[in-house]
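Hello,

Here is the structure I promised to pass on to you. Please open it first, and then read my notes below alongside it.

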Amino acid sequence: DLGGWVIRMGDPSMTAIDDMENVVDYIHTDYHSDWMDVFLSGACKFFIATSSGLYTFPTAFGVPVVQTNYLPTCTVSFTPDDLFLPKLCRSIETKELIPFPRLMSLPISLGGHTKYYNNVLKVEPVDNTQEEIKTIVVEMYNRIEKDMRYTVEEEELQSQFRDLTANVGTLIG
């Protein structure tokens, strides 16, 4: 329990979810509107998103964003308060995961559609697991509500990530 309400936003074509305590399936309510999308994006403590454009609204309001299942990695843009969890990719031929530096580099970082990944790059995107998403959401909650900071070891990993993305030319904020 993260203490508070979860408002599910997104495209109305998404399948409705079952009733859950403290969860509003907003996109399937009579209140769903463009204006309310913007308002909720700016009024939340933090926003969980994918690579769809909706994450730009909370960013404009200074709301931290947790970006999950993110591809293509060349479009990653975030603030120091955001968290990022890309989709991984697996070689179709060998079934091995693509090393992170290659995932963040051209041409894989440019892929924009599953067919391009599969047919041209010969890789298949791998969705984040429920546990991975839960872990990053809890991390964001702890950073905001409990003012938790990274350990020295975690700061070193963050530094390595920034160096890697700078070296391969991935766009980050």
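**Salt bridges**

A search of the whole structure turns up five salt bridges, a salt bridge being a side-chain nitrogen of Lys or Arg within 4 Å of a carboxyl oxygen of Asp or Glu. Before the details, please note that this is a predicted model, in which local features need pLDDT of at least 70 and side-chain atom pairs count only at pLDDT 80 or more, while totals for chains, interfaces and linings use all residues. Residues are numbered from 1 along each chain as its sequence is written, and side-chain values use heavy atoms, with hydrogens and water left out.

One of the salt bridges joins Asp-25 to Arg-8, with the closest N and O atoms 3.0 Å apart. Asp-25 sits in the loop between strand E2 (23-24) and H1, and Arg-8 in the loop between E1 and E2, so this pair ties together parts that are 17 residues apart in sequence. The helices (H or I, at least four residues) and strands (E, at least two) I mention are DSSP runs, numbered from the N terminus. Are Asp-25 and Arg-8 buried or exposed? Both are buried; here buried means under 20% relative accessible area, exposed over 50%, and partly exposed in between (1.4 Å probe, protein chains only).

Another salt bridge pairs Arg-90 with Glu-124, where the closest N and O atoms are 3.7 Å apart. Arg-90 belongs to strand E6 (residues 88-91) and Glu-124 to strand E7 (residues 123-126), so the pair ties together parts that are 34 residues apart in sequence. Arg-90 is partly exposed, at a relative accessible area of 25%, and Glu-124 is partly exposed too, at 28%.

The side chains of Asp-147 and Arg-149 also meet in a salt bridge, at 2.5 Å from N to O. Asp-147 counts as partly exposed, with 47% relative accessibility, whereas Arg-149 counts as exposed, with 62%.

**Aromatic pairs**

Rings of Phe, Tyr and Trp (its six-membered ring) pair if their centres lie within 6.5 Å; planes under 30 degrees apart count as stacked, over 60 as edge-to-face and the rest as tilted.

Trp-35 and Phe-39 make a stacked pair, because their ring centres are 5.4 Å apart and their planes are at 5 degrees. Both residues lie in helix H1, four residues apart, which is about one turn of the helix. Trp-35 counts as exposed at 61% relative accessibility, and Phe-39 is partly exposed, with a relative accessible area of 44%.

The rings of Phe-100 and Phe-161 have centres 6.0 Å apart and planes at 40 degrees, so that pair is tilted. Phe-100 lies in helix H3 (residues 100-103) and Phe-161 in helix H6, so the pair ties together parts that are 61 residues apart in sequence. Phe-100 counts as partly exposed at 29% relative accessibility, while Phe-161 is buried at 16%. Ring pairs also link Tyr-55, Tyr-70, Phe-84, Phe-100 and Phe-161 into a cluster.

**Pockets**

A pocket here is an open set of points on a 1 Å grid over the protein atoms alone, where a 1.4 Å probe fits, with protein on both sides within 12 Å along at least five of seven lines; lining residues have an atom within 4 Å of a point. Grid points are joined across faces, edges and corners, and a volume is the space filled by probe spheres set on the points.

The largest pocket has a volume of about 1400 Å³. Its lining has 38 residues, and those nearest its centre are Val-6, Ile-7, Arg-8, Met-9 and Ile-48. Helix H5 gives the most to this lining, with six residues.

The second largest pocket has a volume of about 720 Å³. Which residues lie nearest the centre of the second largest pocket? They are Leu-83, Phe-84, Tyr-150, Gln-158 and Phe-161, out of 26 lining residues. H6 supplies the largest share of that lining, eight residues.

**Cysteines**

The structure holds zero disulfides, a disulfide being a pair of cysteine sulfur atoms within 2.5 Å. Cys-44 is partly exposed, at a relative accessible area of 24%, whereas Cys-89 is buried, at 0%.

Best wishes
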